[in-house]
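User: I would like to learn how to read a fold from coordinates. Please take me through one model, feature by feature.

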Amino acid sequence: MKTKRFSDAMEQALNKQMTREAFQAQVYLSYASWAEVNSFSGIANFLYKHMHEEREHMFKILKFINDRGGEAKIEAIDAPAENPKNIEDCLKKTLQHEIDNSQEIDKLVNQAFEEKDWATFSFTQWFVKEQIEEETLINDLLDKYNLASKQKDGNANYYELDKDLNKAPQSAEIPREEEF
Ligand SMILES: [Fe+2]
Ligand SMILES: [Fe+2]
């Protein structure tokens with residue numbers, strides 16, 4: 001049993017954020033499956049991979065809580081909202097989820113600052129940077145969508161976009177068939 005090195009309030013706040021990251025993963029998973037069913041394999045590929053990144057965020061927070069003498073509590077994850085209406089809706093909703101999450105991270109940073117909990121403050125800086133990257137990534141995809149849908153007609157737009165998404169940088173891997 002480790003000595004607890006943060007306040008009860010901070011432990012609760014970190015735990016909530018851990019569950020929120022699990023929710024983010026759930027959202028990406030549901031959007032990815034929607035994209036796959038609707039034949040957008042590139043978008044599905046991107047979203048499946050991103051789902052893994054969100055799970056990694058969840059795990060990172062779990063480890064921090066436990067390593068700092070707290071106890072991570074695995075709680076129920078809210079169900080994601082209904083499926084997107086189309087690709088644009090999918091990207092816009094994804095961006096909004098990321099912005100909402102960034103605001104929650106900001107609250108954590110603020111709390112750490114107010115409590116003068118510099119270890120947690122330092123830990124949360126990684127998430128601040130990560131959220132900048134993620135918002136930029138989704139914004140870029142929305143820009144590409146806008147370009148593709150304005151400059152060309154027909155399904156060629158989506159075909160090109162889908163190819164782009166397939167190549168979008170993601171650190172996580174999709175599990176291979178034999179791992180299922
Ligand atoms: Fe995340
Ligand atoms: Fe994210």
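User: Is the crossing of α1 and α2 left-handed or right-handed?

Analyst: Keep in mind that this is a predicted model. The crossing of α1 and α2 is left-handed.

User: How do I describe the packing of two helices in numbers?

Analyst: Two packed helices are described by the angle between their axes and the distance between the axes. Take helix α1, residues 8-37, and helix α2, residues 41-67. They pack at an angle of about 165°, and their axes are 8 Å apart. An angle over 145 degrees counts as roughly antiparallel, so α1 is roughly antiparallel to α2.

User: Which residue classes form the contact of α1 with α2?

Analyst: That contact has 19 nonpolar residues, along with 6 polar and 5 charged ones.

User: At what angle do the axes of α1 and helix α3 cross?

Analyst: Roughly 170°. Helix α3 covers residues 87-114, and its axis comes within 11 Å of the axis of α1. The angle is over the 145 degree cut-off, therefore α1 and α3 are roughly antiparallel to each other. By class, their contact holds 14 nonpolar, 6 polar and 5 charged residues.

User: Now step back. How many helices and strands does the chain have?

Analyst: The chain has 5 helices and 0 strands. Read from the N terminus, the order of elements is α-α-α-α-α.

User: What does the C-alpha trace span along its principal axes?

Analyst: About 60 × 35 × 25 Å. The chain exposes about 10500 Å², and carbon and sulfur atoms supply 50% of that area. Of the 180 residues in the chain, 43% are buried.

User: Among contacts between residues at least 6 apart in sequence, what percentage joins residues at least 24 apart?

Analyst: The figure is 80%.

User: Start with M10. Is M10 buried or exposed?

Analyst: M10 is found in helix α1. The cut-off for buried is under 20% relative accessible area. M10 has 0%, so M10 is buried.

User: Which residues is M10 in contact with, leaving aside neighbours within four places in sequence?

Analyst: M10 is in contact with L108, Q111, A112, E115, D117 and T120. Look at T120 in particular. M10 and T120 are 110 residues apart along the chain, yet their C-alpha atoms are separated by 8.5 Å.

User: What is the relative accessible area of Q17?

Analyst: Q17 also has a value of 0% and is buried. Q17 lies in helix α1. Leaving aside neighbours within four places in sequence, Q17 is in contact with I61, N101, E104, I105 and L108. Sequence separation needs its own check against space. Q17 and C90 are 73 residues apart along the chain, and their C-alpha atoms are separated by 23 Å.

User: And N15: which residues does N15 touch, not counting those up to four places away in sequence?

Analyst: N15 touches I65, E71, A72, K73 and E75. N15 is found in helix α1 and is buried, with a relative accessible area of 6%.

User: What is T19 in contact with, leaving aside its neighbours within four places in sequence?

Analyst: T19 is in contact with E75 and A76. T19 is found in helix α1. Its relative accessible area is 15%, under the 20% cut-off, so T19 is buried.

User: Now backbone angles. What should I look for in phi?

Analyst: Most residues other than glycine have a negative phi. Look for exceptions to that pattern. One of them here is S39, with a positive phi near 70°. S39 sits in the loop between α1 and α2.

User: Is S39 buried or exposed?

Analyst: The cut-off for exposed is over 50% relative accessible area. S39 has 61%, so S39 counts as exposed.

User: Where is K116 found, and what is its phi?

Analyst: K116 is found in the loop between α3 and α4, where α4 covers 118-151. K116 has a positive phi of about 55° although it is not a glycine. K116 is exposed, with a relative accessible area of 60%.

Conventions: Residues numbered from 1 in each chain as written. Chains lettered and ligands numbered in written order. Predicted model: local features only at pLDDT ≥ 70, side-chain atom pairs only at ≥ 80, totals over all residues. Heavy atoms only, no water. Axes fitted to C-alpha atoms, helices over the stretch in contact; angles between N-to-C directions. Helix = DSSP H or I, 4+ residues; strand = E, 2+ residues; numbered from the N terminus. Parallel < 35°, antiparallel > 145°, perpendicular 65-115°, else oblique. Left-handed = near helix turned anticlockwise from the far one by under 90°. Nonpolar A, V, L, I, M, F, W, Y, C, P; charged D, E, K, R; others polar. Buried < 20%, exposed > 50% of the residue type's maximum accessible area, 1.4 Å probe, protein only. Contact = heavy atoms within 4.5 Å. Areas by Shrake-Rupley, 256 points an atom, 1.4 Å probe, with all protein chains shown as cover.
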